[in-house]
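Biologist: I am new to this structure. Please show me how to read it.

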Amino acid sequence: MASARTAALVAGLLAAAVNAAFAAEVAAPPGGLVRWPGGDPERCGSEGRSWQPIDGVCWYAIDLLEQAQTLEVWRQVGGGRETAVVRVADYPYPVQHITITDDSKVNLSEADGARAAREAKRVGALWAHDGPRRFRLPLAPPLDDLPAGGRFGSRRFFNEQPRSPHSGADFAADSGEPVRAAAEATVVLAADLFFSGRSVFLHHGDGLITMYFHLSQLAVAEGDEVTRGQKIGEVGATGRATGPHLHFGIRWRGARVDPALLLGDPGVIPALR
Ligand SMILES: [Zn+2]
């Protein structure tokens, strides 16, 4: 009897140890990314959506507006499923106060409000794009000389009124500087929009959308195919902008992520083991 109980206890401990070996956990901020390298996975997924690994690594994107909580992610390895936990950290970004001289871009008229709402709906439909991946990491810089910059995630006040947090990175640049595609893509939207001015939205496959705002000129039209580094427009200050700069934004499978993470060394992204 005693030995049977001991055997059961040992079996239980072994099962717990095996589970613990797969109970990976990592922390990342909202707007961050997590990698899961090693093990040669066949498929990656979370919350009912699944996708292909990139060069043997599963990538998970955490939306800027994700609450501080734990998210379960999984990958398929050798026909079996491994799960892991991503702990979404507290919101780490500072507050930014911006003064816009054209107050009609902050306190909208009824007509402008209706226009902005229509455009938001049109843009929101883009996040559902999917298909085979056409990009590699890191992405190509959108400017020939990419300065330091960003203010990604800043909680923003325009003319002292709270507005949405900054979901892209702002790069100082001169008007007319060429703006380039971060990777091969289809132009899914190229239009003059109320807030973002002349704007280009590119889909690079795998639900990765890059955005280029406030352009003075567009060099592409909706439906065009572009190559990595191809000129798609010129830097400007159209829409709600304080001066010439490039706003570069990324949505990956719907999640707003810090563009710096996809433009820099992928090796510094927090990893599950
Ligand atoms: Zn911006």
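Biologist: Leaving aside neighbours within four places in sequence, which residues is Leu33 in contact with?

Modeller: Bear in mind that this is a predicted model. Two residues are in contact if their C-beta atoms lie within 7 Å. By that test Leu33 touches Ala28, Trp59, Tyr60, Ala61, Val257, Leu261 and Ile269.

Biologist: Which residues touch the most other members of the largest nonpolar core?

Modeller: A nonpolar core joins buried residues such as Leu, Val and Tyr. Here the largest one has 48 residues. Leu33, Tyr60, Ala61, Val200 and Tyr212 touch the most other members. Strand β15, residues 208-215, gives the most to this core: six residues.

Biologist: Why does this core lie between domain 1 and domain 2?

Modeller: Both domains give residues to the core, so it lies between them. Domain 1 covers 2-90, and domain 2 covers 95-265.

Biologist: Now a helix. How many residues of α2 are buried?

Modeller: A residue is buried if 20 or more other C-beta atoms lie within 10 Å of its own. In α2 the count is one among 15 residues, and the helix is hardly covered. Helix α2 runs over residues 110-124. From first C-alpha to last it reaches 21 Å, close to the 21 Å expected at 1.5 Å a residue.

Biologist: And the chain as a whole: how many helices and strands does it have?

Modeller: Three helices and 20 strands. Of its 273 residues, 33% count as buried. The C-alpha trace spans about 85 × 40 × 35 Å along its principal axes.

Technical notes
Residues numbered from 1 in each chain as written. Predicted model: local features only at pLDDT ≥ 70, side-chain atom pairs only at ≥ 80, totals over all residues. Core = buried A, V, L, I, M, F, W, Y, C linked by C-beta atoms within 7 Å. Buried ≥ 20, exposed ≤ 12 C-beta atoms within 10 Å, placed from the backbone. Helix = DSSP H or I, 4+ residues; strand = E, 2+ residues; numbered from the N terminus. Domains from an automatic or database assignment. Expected span 1.5 Å × (residues − 1).
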